[in-house]
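Let's take a walk through this protein together, one neighbourhood at a time. Have a look at the picture first, and then read on.

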Amino acid sequence: MLTQQLQLSNSVKKTFNFVLILFTGAKLVYDYESQVQSKVGSIGGKSKDPRSQHLSFKLSAELSLTPIWQDKQNQSLVQLQVSNPQILTWYATQHGSEQTLDQLKNPFLLPFGSSKIQVFSTETKIEVLNFQRGLASLFLFRQENIEVEETDVLGKCRTIYGQDRHGLHKSKENCQVSQPQQNGLFDTWQYSNIKSTYKLNQEGLIDSLEVREWVEFYPQLTPELAQDLQQRQKLTLKGM
């Protein structure tokens, strides 16, 4: 039996056009790629501290969206599932081998149509749940020029939407974790910035998506050991 694990908040206005259009057709299949680089002790590349180290990984997979149910009030349910997830990791200049992440293959459900979006999953591992939550947030967007406050996997963020000839742009700034950290000696300061570019086809479906994310963690006690996390995600429509 599916149990509720995570929750995303968003406004309903013009947010769910993508899902409503999805229900007019069949299953959508996307190629998904995520590349992450983590640097410790060298924020912004300015430090020459020999302790600065790089850890990187690249994840590639296929992501399918299958319509499950929709009613007359535009309440809808979509199943997301990852297949053939392959990860390549390397530390500094030492490359590792490619591995298959079978733990990411379990499907999960994403309801649309209310002021709160909930991810339903049978997963119990927090890292897998966070991955599923991050995938779900890729399909939340508004087709208008507006500034709003949204809450997703990074917490509460100032979110700006804009459109031009290059596509639909989504920018998240000043994201706050669910529990604000106190100004104590052993606390960690966090700064994050996310920029997404959506390209929609004539049917209003996501044809491609590119997301760039920067997250910095500053330990209050030892700021010289700050961690810099950079992620780039790509989503490309493969078939329908």
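Start with a pair of residues: Tyr32 and Phe131 are both buried. Keep in mind as you look that this is a predicted model. Tyr32 sits in strand β2 and Phe131 in helix α2, so pairing them ties together parts of the chain that are 99 residues apart in sequence.

How are the two rings of Tyr32 and Phe131 placed, by centres and planes? Their centres are 6.3 Å apart and their planes meet at 75°, so this pair is edge-to-face.

## Another ring pair

A search of the whole structure turns up three aromatic pairs. One of them joins Tyr30 and Phe139, again edge-to-face, with 6.1 Å from centre to centre and 65° between the planes. Tyr30 belongs to strand β2 (residues 28–40), while Phe139 is in the loop between α2 and β8 (146–152), so this pair links parts that are 109 residues apart in sequence.

## The chain as a whole

Time to zoom out. The protein chain has two helices and 13 strands. Of its 240 residues, 39% are buried.

What share of the contacts in the chain, counting those with a separation of 6 or more, is between residues 24 or more positions apart? That share is 58%.

Now for some empty space. Rolling a probe the size of a water molecule over the atoms shows where such space is left. Here the count is two cavities of 30 Å³ or more. The second largest cavity holds about 30 Å³ of space.

Which residues line the second largest cavity? They are Val82, Leu104, Asn106, Phe108, Val128, Phe131, Gln132 and Leu135.

## An exposed asparagine

Next, find Asn145, which is in the loop between α2 and β8. Its relative accessibility is 58%, and the cut-off for exposed is over 50%, so Asn145 counts as exposed. Leaving out residues up to four places away in sequence, Asn145 touches Tyr161, Gly162 and Gln163.

With Gln163 there is a polar detail to spot: a polar atom of the Asn145 side chain lies 2.9 Å from the backbone nitrogen of Gln163. Asp164 is 19 residues away from Asn145 in sequence, and their C-alpha atoms are 9.8 Å apart in space.

Thr159 is part of strand β9 (residues 155–164). With 0% relative accessibility, Thr159 counts as buried. What does Thr159 contact, leaving aside neighbours within four places in sequence? Its partners are Ile146, Glu147, Val148, Glu150, Lys170, Ser171 and Lys172.

Finally, look at Asn84 in strand β4 (residues 76–91). The phi angle of Asn84 is near 50°, a positive value in a residue other than glycine.

Methods: Residues are numbered from 1 along each chain as its sequence is written. This is a predicted model: local features need pLDDT of at least 70, side-chain atom pairs count only at pLDDT 80 or more; totals for chains, interfaces and linings use all residues. Side-chain values use heavy atoms; hydrogens and water are left out. On a 1 Å grid over the protein atoms alone, a cavity is a set of points where a 1.4 Å probe fits but cannot get out, and a pocket is an open set with protein on both sides within 12 Å along at least five of seven lines; lining residues have an atom within 4 Å of a point. Grid points are joined across faces, edges and corners, and a volume is the space filled by probe spheres set on the points. Rings of Phe, Tyr and Trp (its six-membered ring) pair if their centres lie within 6.5 Å; planes under 30 degrees apart count as stacked, over 60 as edge-to-face and the rest as tilted. Helices (H or I, at least four residues) and strands (E, at least two) are DSSP runs, numbered from the N terminus. Buried means under 20% relative accessible area, exposed over 50%, partly exposed in between (1.4 Å probe, protein chains only). Contact means heavy atoms within 4.5 Å. A polar contact is a pair of N or O atoms within 3.5 Å; within protein, one must be able to donate a hydrogen and the other to accept it, and residues adjacent in sequence count only if both atoms are side-chain atoms.
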